[in-house]
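Biologist: I would like a close look at a single part of this model. Please walk me through the site around the ligand.

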Amino acid sequence: MASATETGRQATAAPAPRPPAIELRGISKSFGAVQANKDISIRVRPGTIHGIVGENGAGKSTLMSILYGFYRADAGEILIDGRPTVIPDSQSAIRAGIGMVFQHFKLVPNFSVLENVILGAEDGALLRPSLAKARKTLADLARDYELDVDPDALVEELSVGHQQRVEILKALYRHADILILDEPTGVLTPDEADHLFRILRGLKAQGKTILLITHKLREIMEITDEVSVMRRGEMVATVTTADTSPEQLAELMVGRKVLLHVPKGPANPGREVLRVSDLHVTDALGVERLKGINLTIRAGEILGIAGVAGNGQSELLQVLGGFAKGTVSGMIAVEGAQIPAAGKGATGQTRRQIGISHVPEDRHHLGLILDFAAWENIAFGYHSAPEYQANALFMDNDAILRDTEGKMDRFDVRPPDPSLPAKSFSGGNQQKIVLAREIERNPVLLLVGQPTRGVDIGAIEFIHRRIVELRDAGAAVLLVSVELDEILSLSDRIAVMFDGQIMGERLPAETNERELGLLMAGVARTAGAA
Ligand code: ADP
Ligand code: MG
């Protein structure tokens, strides 16, 4: 360009500003009747970490898929480094210098790290000379960016954190200057997430541009330079991170003010409600999933179970909820009376009849029957409740319908139509249906797993409020969550699970994410560990 040469000659003139690494102009994309992206424009400055936030379904992944050549936009333009660029497929994206780290990794499990990195990058890549050259390149990348992974390890033997590093190495090996990460920390421990952030900072220092999609506002505040907020397919704002706050971002995402931490007074623990002693569960394959769990919960208190998914939390909820798979030993007592691992207790009462409510981790599997109407789901598990009986033989469908309308109203389920099948509600509204059913029974013990997984910020506030209210009304609550924020803001006591055991118990006011993260990784440090 002539003008660039002009300015180049004038030594005193300020250098011409670099064009945005990525510029999107007026991108639109529909899937049938759903307009996932509406006239979206955004500029991402080179060498920065740019966050994108938005509730579920806001259109973030669609936008990134357009940038990576998975989808063609219906309208709009993409400019890379100021040049209009057409990206019809991912090969073109790679040629344009764009790398993508997928939410669900696309690595070949029984290939080595080295093989995965070079696979598809060049013809004949798996031939010996290429392998040697690639090994050297990989070692350089690993050294420059704290991306250490054993090049000869099989991918299937790596932790998720390491698999993610392989995905990043793969992109860098293809000379990516722009890296897109879609919800990268969902699968990581806090320590692994810290490590990832160090890698991203290193990449930024080398001039790479990073697009980070995350729903975790803390991560946005910690690592991004700028952040763009999407709502219902539209780009509502782009702000400088240093000039914003989690509260402002949440408000932009939802379109109204939301409380990120529900107000909660100190607990008033009363009588002991749940006691679990030396509980073991061995699954059908002979793997011991719970290795001697001991815990108690009192009335009016929330015990939070923190941990990386897959460390026995699911099995704990299942056995307490009466759905244990495999062999169980040990003792479970509710209000002093022992209950069996499955079925009715000595008194002939079911778990629900003795006042145990259960909001399962997987609402689609155990919580709801998706093809059944909302009102049928509200009665699910409570068919014998007296208020639902017309007479000895028949259920009173009108009574269930009226009750469902009330619950939908009080729990702000949208749309408030009891006749709609459960599957036609959004994730957050499905969760409210399950919570309404379980919480309004005024249980003595609420078992609740991942209450806000896949649920929007506005609904999270609502759900957290209901759980705290139930505690204040005197229920004992066992909360299992992989979201540390949620554990820290709701729990009165926190127990950390690792490898089927409780690594230690902490008071929220006397611990922090770092210490909990160490316990979650199996590192017990102090006398507090069990
Ligand atoms: P986000 O990543 O912000 O959660 P998505 O981009 O995945 O949002 O989705 C935006 C909207 O587009 C949602 O309503 C989603 O259901 C819809 N959508 C996304 N991908 C498809 C697809 N392949 N077919 C139909 N609808 C889709
Ligand atoms: Mg997405």
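By class, how many nonpolar, polar and charged residues does the shell around ligand 1 have?

Modeller: This is a predicted model. By class, the shell around ligand 1 has 5 nonpolar, 5 polar and 2 charged residues. Its members are Phe31, Val34, Ala36, Glu55, Asn56, Gly57, Ala58, Gly59, Lys60, Ser61, Thr62 and Tyr71.

Now the elements. Both β2 (34–44) and α2 supply at least two residues each to this shell. The largest share is that of α2, with 3 residues.

Next, the polar contacts. At Gly57, a backbone N or O atom lies 2.7 Å from an oxygen atom of ligand 1. Ser61 places a polar side-chain atom 2.9 Å from an oxygen atom of the ligand. Tyr71 also has a polar side-chain atom at the site, 3.2 Å from a nitrogen atom of ligand 1. As for cover, ligand 1 has 560 Å² of accessible area on its own, and the protein covers 60% of that.

Back to the helix. α2 runs over residues 60–67 and is mostly covered, with 7 of its 8 residues buried. The buried set is Lys60, Thr62, Leu63, Met64, Ser65, Ile66 and Leu67. Two of these, Lys60 and Thr62, are buried and also belong to the residues around ligand 1. After α2 comes Gly69, with a positive phi near 85 degrees.

Technical notes: Residues numbered from 1 in each chain as written. Chains lettered and ligands numbered in written order. Predicted model: local features only at pLDDT ≥ 70, side-chain atom pairs only at ≥ 80, totals over all residues. Heavy atoms only, no water. Buried < 20%, exposed > 50% of the residue type's maximum accessible area, 1.4 Å probe, protein only. Helix = DSSP H or I, 4+ residues; strand = E, 2+ residues; numbered from the N terminus. Near = heavy atom within 4 Å. Polar contact = N/O pair within 3.5 Å; in protein donor to acceptor, adjacent residues only side chain to side chain. Areas by Shrake-Rupley, 256 points an atom, 1.4 Å probe, with all protein chains shown as cover. Nonpolar A, V, L, I, M, F, W, Y, C, P; charged D, E, K, R; others polar.
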